[in-house]
Amino acid sequence: MGDLVPLIGEPLALDLVNSRPTADDLLATPDDLRTWWVLQADRLPDEVPQEVTAADLAAVHAVREHTARLLDRVRRGDEPQAADLEALNRAQRAAPAINELTWDGSALAATRRRDGSPGRRLAACLAEAAAELLADPAVARIRECEADHCVMLFLAAHPRRRWCSAARCGNRVRVARHYQRHKAG
């Protein structure tokens, strides 16, 4: 991931799409994916594996690309491409989730589990998160950061929110504005 730190805390599907800013891909290598996975661990059902493979990375990249294209179209009210929809559905089917029942001696417990390799399970979970976000009416409130050279997306909880992060882009804009006011004087 280099020097860039990913923004996290938006819906999981947006965090995934935001892992690809304009300059560098924050998920360029299997180690980068593992680092991002650790950052998101409290939001994901599986433990982070010790080793992440190139196949795991490819599965997550595919979900990210299809999610980004779908978000771009759906948040503008345009019809999504069928190939992108099918790709997210295929990613979910690659590691189907079931509620596995177990008996603990006194009661039944249902635990949500997925089959497949760690990368397929992660990709399926991310595709499911994308499907939930895309089908949510809140998708219309997803905006692109207004700061120059920032392409991060965020779900605006407040109608006046303009930046992906007040501490990151918001501060840069305020500092630049301050500089311009004082430079002119």
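Predicted model: local features only at pLDDT ≥ 70, side-chain atom pairs only at ≥ 80, totals over all residues.
**Entry 1**

Residues are numbered from 1 along each chain as its sequence is written, and side-chain values use heavy atoms, with hydrogens and water left out.

Arg162 forms a salt bridge with Glu146, and I read 2.9 Å between the closest N and O atoms; the term stands for a side-chain nitrogen of Lys or Arg within 4 Å of a carboxyl oxygen of Asp or Glu. This pair links distant parts of the chain, since Arg162 is in the loop between strand S4 (153-155) and helix H6 (166-184) and Glu146 is in the loop between S3 and S4, 16 residues apart. Helices (H or I, at least four residues) and strands (E, at least two) are DSSP runs, numbered from the N terminus. Arg162 is also partly exposed, at 37% relative accessibility.

**Entry 1: other salt bridges**

How many salt bridges does a search of the whole structure find? The search finds 16. I then looked at Glu65, which pairs with Arg20 at 2.5 Å between the closest N and O atoms. Here, too, distant parts of the chain are linked, with Glu65 in helix H3 and Arg20 in the loop between H1 and H2, 45 residues apart. Glu65 is partly exposed at 25% relative accessibility, and Arg20 is partly exposed at 31%.

I also noted the salt bridge of Asp72 with Arg76, whose closest N and O atoms are 3.0 Å apart. Asp72 has a relative accessible area of 34% and is partly exposed, as is Arg76 with 48%.

**Entry 2: Asn18**

Is Asn18 buried or exposed? Asn18 counts as buried, because its relative accessibility is 3%. Asn18 is found in the loop between H1 and H2, and a polar atom of its side chain lies 2.8 Å from the backbone oxygen of Leu153. Leaving aside neighbours within four places in sequence, I found Asn18 in contact (heavy atoms within 4.5 Å) with Leu26, Val151, Met152 and Leu153.

**Entry 3: helix H5**

Buried residues of H5 include Gly119, Arg121, Leu122 and Cys125, and what covers the buried residues of H5 includes helix H1 (12-17), helix H3 (54-74) and strand S3 (142-144).

**Entry 4: Leu108 and Ala58**

Leu108 is in strand S2 (residues 108-114) and is exposed, with a relative accessible area of 60%. Ala58, in helix H3, is partly exposed at 45% relative accessibility.

Terms used:
Buried < 20%, exposed > 50% of the residue type's maximum accessible area, 1.4 Å probe, protein only. Polar contact = N/O pair within 3.5 Å; in protein donor to acceptor, adjacent residues only side chain to side chain.
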